[in-house]
Amino acid sequence: MLDHRRRGWEIPASETTPEAIFLNRRAFVAGSVAALGVAGLPRRALADEAVPNAGLYPAKRNPAYSLDREVTPEKINLHYNNFYEFTTSKHVDADALKTRPWPLTIDGLVEKKETIDVDDLVKTIGLEERLYRHRCVEAWSMAIPWTGFPLKALIDRAKPLSGAKYVRFESFLDADEAPGQKLFMPWPYVEGLTIAEATNELAFVVTGAYGKPVAKVQGAPIRLATPWKYGFKSAKSIVKVSFVADRPQTFWQQLGPDEYGFWANVNPDVPHPRWSQARETFLTTGEQRPTLLFNGYAEQVASLYKGLEKEPLFM
Ligand SMILES: Nc1nc2c(c(=O)[nH]1)N[C@H]1C(S)=C(S)[C@@H](COP(=O)(O)O)O[C@H]1N2
Ligand SMILES: [Mo]
């Protein structure tokens, strides 16, 4: 194991766990007893976890997504995670998560509802690699070589009906595998995007990282990457993608409606109620960097927000 106390890139826990601190203070009032009632249901059978598509990695890198900073070493990425289903600490052990087989359900306002195994989906759609910045609302950042496919490919496959205005992403629910789900929080983890956001070229479905299938601590076998938004928008270990008419209630909005909004676009000029967002600690080097508007992706996404200026786009 790494000795995290001796790593230069490690920033003090006091500076990097505001989400957790927030929870300690508020979890009791925010939690729902109802969530516990379903936590013990079996989600799926235990099975062999060999990754059927391991041979598809590494995928060809898409040169359109290059970076202004060094990629974060994999060992840093794998030992500094947010995955509250397991722990509120940054040192996540997700080994108990059974990721194969992994049926993914597509439902709601679509022509083609289906439940498809993640590995079949990957084989059908194909994979590419992209280098993306990743900015947590807690003011730390990384740069990651993700492998996956554009979310738009999944949406085109589902064929949303005209009433579908939002896409809702739901993470797995299994408190036997994920002890954090025994805590009073609004499980399962839910996130959402507008259809326009979800079909933007940057919205990426991740099934791999660092040239291989994505690790459990990173949200195996399938997660999102929406790099112009704070990291919490990128739901991990997704079991259901629903096309809906109304804006979904997200995990973080339910826990802290005064602090976490639906949009969560990165903006250095809009502080979190409890800390500045002007700068970030880049975990590759430990240096402080100025945070960029839309995390540096304004060219690709700023047009999504024309006419929405009255919305709280940056919280
Ligand atoms: N299901 C689920 N998804 C999640 C989270 C989580 O706790 N549970 N944490 C979010 C947060 S706050 C961040 S910063 C990123 C962290 O991704 P990483 O650990 O791969 O860097 O995942 C996001 N997705
Ligand atoms: Mo985060």
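Q: How many salt bridges does the count come to by this rule?
A: This is a predicted model, where local features need pLDDT of at least 70, side-chain atom pairs count only at pLDDT 80 or more, and totals for chains, interfaces and linings use all residues. Side-chain values use heavy atoms, without hydrogens and water. A salt bridge puts a side-chain nitrogen of Lys or Arg within 4 Å of a carboxyl oxygen of Asp or Glu. By that rule the count is 20.

Q: Is Arg130, the salt-bridge partner of Glu128, buried or exposed?
A: The closest N and O atoms of Glu128 and Arg130 are 2.6 Å apart. Buried means under 20% relative accessible area, exposed over 50%, partly exposed in between (1.4 Å probe, protein chains only). Glu128 has 18%, so Glu128 is buried. Arg130 has 3%, so Arg130 counts as buried.

Q: Which residue forms a salt bridge with Asp156?
A: The closest N and O atoms of the pair are 3.0 Å apart. Asp156 is partly exposed, at 43% relative accessibility. The partner is Lys152.

Q: At roughly what angle do the axes of helix H5 and helix H6 cross?
A: Axes are lines fitted to C-alpha atoms, for helices over the stretch in contact (heavy atoms within 4.5 Å), and angles run from 0 to 180 degrees between N-to-C directions. The axes of H5 (residues 118–125) and H6 (residues 151–158) come within 11 Å and cross at roughly 100°.

How values were computed: Residues are numbered from 1 along each chain as its sequence is written. Chains are lettered from A and ligands numbered from 1 in the order in which they are written. Helices (H or I, at least four residues) and strands (E, at least two) are DSSP runs, numbered from the N terminus.
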